[in-house]
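Subject: Structure for your records

Hello,

Here is the structure we talked about handing over. My notes on what was found in it follow below.

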Amino acid sequence: DHVTLIDLGIARTIGEAGAVRGTHAYMAPEQVRGEAWTELTDVFALGVVLWEALTGRRLFRADTEAETLNLVLHGVVPAPSTVVPDIAPEIDAVLRKALERDPERRYETARAMARDLEQFLVKAGHSAQSGDVADFGGGKMRARRRQ
């Protein structure tokens, strides 16, 4: 079994002066501010998805779109291990970097983030190769190679 992430539901609406529509809880802070989208925005969204997959909770949950966007910009991002205590500190560190509000301090690419996750897997005694998808079931990670 494996999970394939297809779409985060974020899109620019043509004809509305660059208005953004979609799932606000997965937007990077620079998107909220109306700045240019880069690979760094994808890294942030990936960090949100991974945080939620590990904890089983929504990271930026609010009653309105405006409150959600405010959480993305200013809300506290707890380490996943504060929600699920058996999550390794190395995973907390990866997510802290992926979820940096300042894009300059975030991972430069999703591949760089994957490398840190793979290094953790190897250090923890699991098999990991470039391109693996980590399965975080039950607080453990099992690497799986997609062919």
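Glu35 and Arg33 are joined through their side chains by a salt bridge, with N and O 3.0 Å apart; the term stands for a side-chain nitrogen of Lys or Arg within 4 Å of a carboxyl oxygen of Asp or Glu. Glu35 has a relative accessible area of 37% and is partly exposed, and Arg33 is partly exposed at 43%. Here buried is under 20% relative accessible area, exposed is over 50%, and partly exposed is in between (1.4 Å probe, protein chains only).

This is a predicted model, in which local features need pLDDT of at least 70 and side-chain atom pairs count only at pLDDT 80 or more, while totals for chains, interfaces and linings use all residues. Residues are numbered from 1 along each chain as its sequence is written, and side-chain values use heavy atoms, with hydrogens and water left out.

The structure has four salt bridges. Another of them pairs Arg106 with Glu30 through their side chains, at 2.7 Å from N to O. Arg106 sits in the loop between H4 and H5 and Glu30 in helix H1, so this pair ties together parts 76 residues apart in sequence. (Helices are DSSP runs of H or I with at least four residues, numbered from the N terminus.) Both partners are buried: Arg106 has a relative accessible area of 2%, and Glu30 also comes out at 2%. Apart from neighbours within four places in sequence, Glu30 is in contact (heavy atoms within 4.5 Å) with Glu35, Ala36, Leu40, Thr41, Arg101, Pro103 and Arg106.

A further salt bridge links Arg58 to Glu52, where the closest N and O atoms are 3.5 Å apart. Arg58 is partly exposed, with a relative accessible area of 37%, whereas Glu52 is buried at 11%.

Glu52 is also one of the buried residues of helix H2. Twelve of the 17 residues are buried, so H2 is largely enclosed by the rest of the structure. Its buried residues pack against four helices: H1 (29-32), H3 (65-74), H4 (89-98) and H5 (110-123).

At the N-terminal end, H2 is capped by Thr38, which has a side-chain oxygen 3.0 Å from the backbone nitrogen of Leu40. After H2 comes Gly56, with a positive phi near 75 degrees.

The largest nonpolar core has 24 residues, and those touching the most other members are Phe44, Val48, Phe60, Ile91, Leu95, Tyr107 and Met113. H2, H4 and H5 each supply at least two residues of this core, and H2 gives the most, with six. A nonpolar core is a set of buried Ala, Val, Leu, Ile, Met, Phe, Trp, Tyr and Cys residues joined through side-chain atoms within 4.5 Å.

Which residues does Phe44 touch, not counting those up to four places away in sequence? They are Met27, Ala28, Pro29, Phe60, Val72, Ala98, Leu99, Glu100 and Arg106. Arg106 is the residue that forms the salt bridge with Glu30.

Regards

Definitions and conventions. Polar contact = N/O pair within 3.5 Å; in protein donor to acceptor, adjacent residues only side chain to side chain.
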